[in-house]
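The points below are numbered and may be read alongside the sequence and the model.

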Amino acid sequence: MQPFIEINELDLYYGGFQALKNVSIQIPQRAITAFIGPSGCGKSTLLRTLNRMNDRIPGTRIEGKVAIGGIDIYAGDVHVESLRQKIGMVFQQPNPFPKSIYDNVAFGPRQHGVRGKKKLDELVERSLRDAVLWDEVKDDLKRPALSLSGGQQQRLCIARALAVEPDILLMDEATSALDPVSTFKIEELTHELKDRYTIVMVTHNMQQAARVSQQTVFFLNGEVVEYAPTQKLFAHPADSRTQDYISGRFG
């Protein structure tokens, strides 16, 4: 698989605290890469470097390089809002806007200048279909998004992220607040989406990483301990710390 995201010798500091230490990995295009590791190990911090969300945290300092499609996203001439348009993100807790289902999905395209009703209708339908939600909501798109179930709300958030036609989808513990049935639906959805999007997911659920990802990165104390094809990492980890973590003996 060809690398699409290249991270080289990345160090990240929050004030005097170093959250990421000399991280160097390559993330392939149109595949699912999982970040695993204990809480506070740096996996969500690294995820947020990919759309520069850490820029919003005072005192953040980054050294090293993050390139997407060969472009250094921390270069001075990079337009951050245009970058984020190409990188959708789904968070741990479903966070639909207090608007209708339709307006949630149409929000991003409208922000980026799409005004025609026909174009918006097409984008809303396509995005909801891609998120496997269309058949459940198509007859009541004016319904408040907050009236949906938790699993439906999370799929709506995925549809909202897809509506701006990104290249990359970031998922930060996107199923941890959901019931098993909703989790299964979203895992099935990511499997379908990986043929069109580069997906990077943070998960505490090692079984989920094993089920859905093609590449897995194990983090510990801000460092990459091991990065390998998922089946290889889980079956034959090269580092004893990885073995301890996936077998439940960690700590």
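1. The model is a predicted one. With Ser39 the link is specific: a polar contact of 3.2 Å joins the two side chains.

2. His204 is located in the loop between strand 8 and helix 8. His204 is 32 residues from Asp172 in sequence, with 9.9 Å between their C-alpha atoms.

3. Helix 8 (residues 206-212) contains Gln208. Is Gln208 buried or exposed? Its relative accessible area is 3%, and Gln208 is therefore buried, the cut-off being under 20%. The side chain of Gln208 makes a polar contact of 2.9 Å with that of Thr203. Not counting residues up to four places away in sequence, Gln208 touches Thr175, Thr183, Glu187, Met201, Thr203 and Ser213.

4. Six strands form an open sheet in the order 6-7-8-3-9-10, and their pairing is mixed. Strand 6 (87-90) and strand 10 (223-229) are the edge strands, each pairing on one side only. From one strand to the next, the twist averages 15°.

5. Strand 9 (residues 215-220) and strand 10 run antiparallel and are joined by six bridges. Within this pairing, Val217 has Tyr227 of strand 10 as its bridge partner.

6. Two helices may be read against the sheet. Helix 6 lies across strand 6 and strand 7 (168-172), and runs at about 170° to strand 6. Helix 7 (residues 180-193) packs on the sheet, where it touches strand 3 (32-36), strand 7 and strand 8 (198-202). The direction of helix 7 makes about 160° with that of strand 7.

7. In soluble globular proteins, nonpolar side chains tend to be buried together. Here the largest nonpolar core has 43 residues, of which Leu128, Leu156, Ile158, Leu169, Met171 and Leu193 touch the most other members. Helix 6 (residues 150-162) supplies the largest share of this core, six residues. Apart from this core lies another, of 29 residues, including Leu12, Ile68, Leu83 and Val202.

8. Not counting residues up to four places away in sequence, Leu128 touches Ile101, Val105, Leu133, Trp134, Val137, Leu141, Leu156 and Ala159.

Methods:
Residues are numbered from 1 along each chain as its sequence is written. This is a predicted model: local features need pLDDT of at least 70, side-chain atom pairs count only at pLDDT 80 or more; totals for chains, interfaces and linings use all residues. Side-chain values use heavy atoms; hydrogens and water are left out. A nonpolar core is a set of buried Ala, Val, Leu, Ile, Met, Phe, Trp, Tyr and Cys residues joined through side-chain atoms within 4.5 Å. Buried means under 20% relative accessible area, exposed over 50%, partly exposed in between (1.4 Å probe, protein chains only). Helices (H or I, at least four residues) and strands (E, at least two) are DSSP runs, numbered from the N terminus. Contact means heavy atoms within 4.5 Å. Two strands pair if DSSP finds at least two bridges between them. Axes are lines fitted to C-alpha atoms, for helices over the stretch in contact, and angles run from 0 to 180 degrees between N-to-C directions. A polar contact is a pair of N or O atoms within 3.5 Å; within protein, one must be able to donate a hydrogen and the other to accept it, and residues adjacent in sequence count only if both atoms are side-chain atoms.
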